[in-house]
Amino acid sequence: MTNLPLSPREKQLLRRFVAGKTDAQIAERLGGTAAQVAEQRVRLLEKLKISAPDEIADAAERLASWGTYRGVT
């Protein structure tokens, strides 16, 4: 996995992917369409060079945390 910095949007997406949210649920919460979220998912996972669910969870734990984080909705 790469150590590229993630944008705030990428962190939001990563957390929600790990939480099992659907593209439609993410789009409703963060804005955009399910198709846009699906494309963002592909680009983010390619950027991180990960594909397995356990790698995605590990990436979220290491890369998508910050002090003000209160949970995924």
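Colleague: What am I looking at, and how are the residues counted?

Modeller: This is a predicted model, in which local features need pLDDT of at least 70 and side-chain atom pairs count only at pLDDT 80 or more, while totals for chains, interfaces and linings use all residues. Residues are numbered from 1 along each chain as its sequence is written, and side-chain values use heavy atoms, with hydrogens and water left out.

Colleague: How many helices and strands does the protein chain have?

Modeller: There are four helices and zero strands, and the order from the N terminus is α-α-α-α. Helices here are DSSP runs of H or I with at least four residues, strands are runs of E with at least two, and both are numbered from the N terminus.

Colleague: What share of the protein chain counts as buried?

Modeller: Of its 73 residues, 32% are buried. Buried means under 20% relative accessible area, exposed means over 50%, and partly exposed is in between, with a 1.4 Å probe and protein chains only. The protein chain exposes about 4600 Å², and carbon and sulfur atoms supply 51% of that. Those areas come from the Shrake-Rupley method with a 1.4 Å probe; for residues, only the protein chains shown count as cover.

Colleague: What about contacts across the sequence?

Modeller: Taking contacts with a separation of 6 or more, 63% are between residues 24 or more positions apart. A contact means heavy atoms within 4.5 Å.

Colleague: Now helix 4. Which residues are buried there?

Modeller: Helix 4 covers residues 53-63, and its buried residues are Ile56, Ala59, Ala60 and Leu63. These residues are on the same side of helix 4, because they cover an arc of only 100° around the axis. That arc is taken from the directions from the helix axis to the C-beta atoms.

Colleague: Why would a spacing like that put residues on one side?

Modeller: An α-helix has 3.6 residues a turn, so residues three or four places apart point the same way.

Colleague: What do the buried residues of helix 4 pack against, and what is on the other face?

Modeller: They pack against helix 1 (8-18) and helix 3 (34-48). The face turned away from the buried side carries the exposed residues Asp54 and Glu61.

Colleague: How do helix 1 and helix 3 cross?

Modeller: Their axes come within 10 Å and cross at roughly 95°. Axes are lines fitted to C-alpha atoms, for helices over the stretch in contact, and angles run from 0 to 180 degrees between N-to-C directions. Helix 1 and helix 3 are therefore roughly perpendicular to each other. In this scheme, angles under 35 degrees count as roughly parallel, over 145 as roughly antiparallel, 65 to 115 as roughly perpendicular and the rest as oblique.

Colleague: And helix 2 against helix 3?

Modeller: The axes of helix 2 and helix 3 come within 8 Å and cross at roughly 105°. That makes helix 2 roughly perpendicular to helix 3. Asp23, Ala24, Ile26 and Ala27 of helix 2 meet Ala34, Val37, Ala38 and Arg41 of helix 3.

Colleague: Switching to charges. How many salt bridges does the structure hold?

Modeller: Three. A salt bridge is a side-chain nitrogen of Lys or Arg within 4 Å of a carboxyl oxygen of Asp or Glu.

Colleague: Which residue does lysine 47 pair with?

Modeller: Lysine 47 pairs with glutamate 10, with the closest N and O atoms 2.9 Å apart. Lysine 47 is in helix 3 and glutamate 10 in helix 1, 37 residues apart, so the pair links distant parts of the chain. Glutamate 10 counts as buried at 17% relative accessibility, whereas lysine 47 is partly exposed at 24%.

Colleague: And the other two?

Modeller: Aspartate 23 forms a salt bridge with arginine 41, the closest N and O atoms being 2.6 Å apart. Aspartate 23 lies in helix 2 (residues 23-30) and arginine 41 in helix 3, so this pair ties together parts 18 residues apart in sequence. Glutamate 39 and arginine 43 also meet in a salt bridge, at 3.7 Å from N to O. Both lie in helix 3, four residues apart, about one turn of the helix.

Colleague: Where is lysine 49, and what is its phi?

Modeller: Lysine 49 is in the loop between helix 3 and helix 4. Its phi is near 55°, a positive value in a residue other than glycine. Lysine 49 counts as exposed, at 63% relative accessibility.
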